[in-house]
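Q: Please take a close look at a single part of this structure. How does it sit among its surroundings?

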Amino acid sequence: MHRPIYGKNTAMSAQIEYLSFNNQPKLVGTELNIGTYASLIGLKKLNDLETFEGRVSSYDVNTQKGRIFLKELGRTIPFELERNALTVNQRELLIESLKSYQKVGSNANNFGFVKLVGYRFTNMQDDVKKLYIIGMK
């Protein structure tokens, strides 16, 4: 039921309803959103908005998903862009970052690094599992 929210990005939330005996809609359960999906698969969203600095190592313009190398972790981590979160120019900066990653990999220099703003998703052991990006600095 979460697929339009996390997979296709065609919905931000969903409510399930049924018609009661007098044809009045009744809500079933809570609103479904990216947070309820994360809790189903064992991820928790940290509520603090953060800035992440890294170099994009993969990016799909169709799905708005990719991976970014974060110096703080010393590895790549998946990210997902909120729909329409970035301007065309900002998306081009992501692509430029990806091009620089192809040239220098995860080397320590700062060439091609971008600053993204979003939320951190962790597993139950507080390991960072993915980023949900809502903007760029």
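A: Gly118 stands opposite Ile133 in strand S8. This is a predicted model, where local features need pLDDT of at least 70, side-chain atom pairs count only at pLDDT 80 or more, and totals for chains, interfaces and linings use all residues. Residues are numbered from 1 along each chain as its sequence is written, and side-chain values use heavy atoms, with hydrogens and water left out.

S8 spans 128–136. Strands (E, at least two residues) and helices (H or I, at least four) are DSSP runs, numbered from the N terminus.

Take its partners. S7 and S8 pair in the antiparallel sense over seven bridges; pairing needs at least two bridges found by DSSP. The two form a hairpin with five residues between them. In that turn, Asp126 has a positive phi of about 65 degrees. S6 pairs with S8 in the parallel sense, over three bridges. There, Phe79 stands opposite Leu131 in S8.

Now the burial. Seven of the nine residues of S8 are buried, so the strand is largely enclosed by the rest of the structure. Buried means under 20% relative accessible area, with a 1.4 Å probe and protein chains only.

The largest nonpolar core has 17 residues. Such a core is a set of buried Ala, Val, Leu, Ile, Met, Phe, Trp, Tyr and Cys residues joined through side-chain atoms within 4.5 Å. S8 gives the largest share of this core, four residues. Leu131 is among the residues with the most contacts inside it. Beyond its neighbours within four places in sequence, Leu131 is in contact (heavy atoms within 4.5 Å) with residues including Phe52, Ile68, Phe79 and Tyr119.

Note on methods. Buried < 20%, exposed > 50% of the residue type's maximum accessible area, 1.4 Å probe, protein only.
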